[in-house]
Amino acid sequence: MKQLLLGDEAIALGALHAGLSGVYAYPGTPSTEITEYIQNSKLAKERNVHSRWCTNEKTAMEAALGMSYAGKRALVCMKHVGMNVCADAFVNSAITGVKGGLIVLAADDPSMHSSQNEQDSRFYAKFAMIPAFEPSNQQEAYDMMDKAFELSERLKEPVMLRVVTRLAHSRAAVEVSEPKAENRLDIAKESWVLLPGIARRKYDELIAKQPSMLEASEGSAYNKRENSADKKTGIIACGIAYNYVKEAAGSEYNVLKVSQYPMPVAKIKTLASECDEIIVMEDGQPVAEERVRNIIGDTCPVKGRLTGDLPRTGELTPDCVAKALGKKFGPAFEVAKNLAGRPPQLCQGCGHRDVYTALNKVAAEYPDHRIFGDIGCYTLGALPPFQALSSCVDMGASITMAKGAADAGLFPSIAVIGDSTFTHSGMTGLLDAVNDKSNITVIISDNLTTGMTGGQDSAGTNKFEQICLGLGVEPEHLHVVVPLPKNMEEITRIIKQEIEYNGVSVIIPRRECIQTAARHAKAAAKK
């Protein structure tokens with residue numbers, strides 16, 4: 001049976017049909033739709049597959065690892081920067097090993113469509129010394145889930161599946177099979193403790209598994225050769241780049257398609273021995289290109305992103321692939337001129353707008369003020385018309401950066417953070433500030449949802465006052481306000497009052513996101 005699926009949906013359905021027992025994730029584009037598909041799946045509901053959102057990627061990774069230790073198959077999903085958050089548990093999971101199959105889904109975002117960097121998660125797989133899959137199309141994304149779970153259980157190691165935005169968010173027909181049963185609970189007594197003496201032994205075991213991982217890659221159906229009579233240029237095409245090569249060049253070249261890692265050394269050496277030059281096509285950073293250089297040395301010239309034959313940054317396209325091969329491809333279109341720019345803006349009626357209006361009004365009274373921002377739709381407060389934020393680096397950084405600036409003597413030092421981001425990684429920063437009695441004002445702009453990624457549940461909803469009090473914020477310096485124009489006088493008065501307080505203040509402007517409010521109203525009307 002065929003279904004028309006997004007790449008993310010193919011991954012989700014592939015996991016369910018492979019006997020998934022739990023998905024653990026924090027919303028992050030372009031990975032969000034995987035968990036949402038499972039949450040809405042009839043099969044997942046019938047099987048009671050765990051699919052609630054986690055507080056952050058670290059807790060997601062650890063919970064998935066716990067399910068694996070109990071013998072069941074688990075999937076943990078995140079965008080590429082989430083790999084940084086879960087790195088401690090992720091790297092150590094390769095040393096402890098796993099029992100039930102565990103797949104770590106990393107959705108990379110070349111060209112930074114909705115991200116603050118272009119990092120390539122294949123580095124993490126190499127760093128942890130675990131296998132990785134990189135589908136070139138939606139069918140492979142579906143099929144690979146079963147293969148990846150099987151490989152994970154055979155090697156007793158986690159396996160990464162890396163996708164990019166263009167695959168995650170495009171649709172194709174996918175041939176699906178019958179779902180497998182879930183693994184049975186297996187709580188046989190085993191040790192997952194990484195005390196140094198145990199960890200050294202486990203690390204030796206991980207090293208000993210590397211030949212098996214390479215053997216699996218060499219024999220993988222996803223790493224295949226396509227031969228041509230022309231022996232001048234050999235192409236190594238990784239993941240989605242294979243599609244661009246086929247679109248731009250058809251069957252004209254000798255191609256080694258790579259969709260399973262570690263890189264298949266023997267196949268690469270064979271291709272290099274048959275061609276005058278190699279060009280490596282990959283979406284992301286030159287991970288494969290560097291490895292190919294290492295494998296074949298000076299025996300054959302290697303081209304790619306590092307040599308300038310392909311763009312060093314951004315997504316690959318059929319056009320740039322064709323250009324690298326010395327071909328013309330498609331009509332060239334000039335960018336339309338004399339069109340006004342249309343940067344993204346906060347929704348009309350959004351509560352964040354009223355927060356920034358009040359904050360800017362008060363902050364204007366302090367020439368040296370700085371407002372430290374965070375990751376969320378409220379980051380748009382850095383753009384016109386508000387232009388309020390002076391920083392936005394990573395999840396939760398607003399509070400700790402405001403603290404550090406205050407430690408340096410900055411006054412006033414103000415942090416703006418969203419509700420979901422606060423529970424993701426802002427709470428520990430607030431605890432540091434409380435312990436140091438830092439002179440900062442923290443605005444937790446609470447729209448009762450994870451707005452930037454489409455309105456998923458926020459872990460701390462209706463708990464923020466208790467959380468802040470539990471972390472030691474003084475009750476008289478914790479305020480909840482409703483961000484509406486009619487309340488502007490009250491809000492500006494409280495902000496001014498708390499800026500003048502020499503210590504930690506927290507103000508929570510709370511009003512539901514207008515997008516989720518509209519959806520809730522529509523759903524209620526149907527009842």
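I began with V104, whose bridge partner in strand 6 is M160. Also in strand 6, I103 has V159 as its bridge partner. Strands here are DSSP runs of E with at least two residues, helices are runs of H or I with at least four residues, and both are numbered from the N terminus.

Before going on, I noted that this is a predicted model, where local features need pLDDT of at least 70, side-chain atom pairs count only at pLDDT 80 or more, and totals for chains, interfaces and linings use all residues. Residues are numbered from 1 along each chain as its sequence is written, and side-chain values use heavy atoms, with hydrogens and water left out.

Next I looked up both neighbours of strand 4. Strand 4 and strand 6 (residues 159–164) run parallel and are joined by six bridges. Strand 3 (residues 73–79) also pairs with strand 4 in the parallel sense, over six bridges. There, A74 has L102 of strand 4 as its bridge partner. Two strands count as paired if DSSP finds at least two bridges between them.

I then traced the sheet: it is open, has six strands in the order 2-3-4-6-5-11, and its pairing is mixed. Strand 2 (20–25) and strand 11 (260–261) are the edge strands, each pairing on one side only.

Is strand 4 buried or exposed? Seven of the seven residues of strand 4 (residues 102–108) are buried, so the strand is largely enclosed by the rest of the structure. Buried means under 20% relative accessible area, exposed over 50%, and partly exposed in between, with a 1.4 Å probe and protein chains only.

I checked the side chains too. In a regular strand they alternate between the two faces of the sheet. From strand 4, L102, V104, A106 and D108 point one way, I103, L105 and A107 point the other way, and all are buried.

Finally I stepped back to the whole protein. I counted 21 helices and 18 strands. Of the 527 residues, 55% are buried. The C-alpha trace spans about 75 × 65 × 55 Å along its principal axes.

My last entry is on contacts (heavy atoms within 4.5 Å): among those between residues at least 6 apart in sequence, 78% join residues at least 24 apart.
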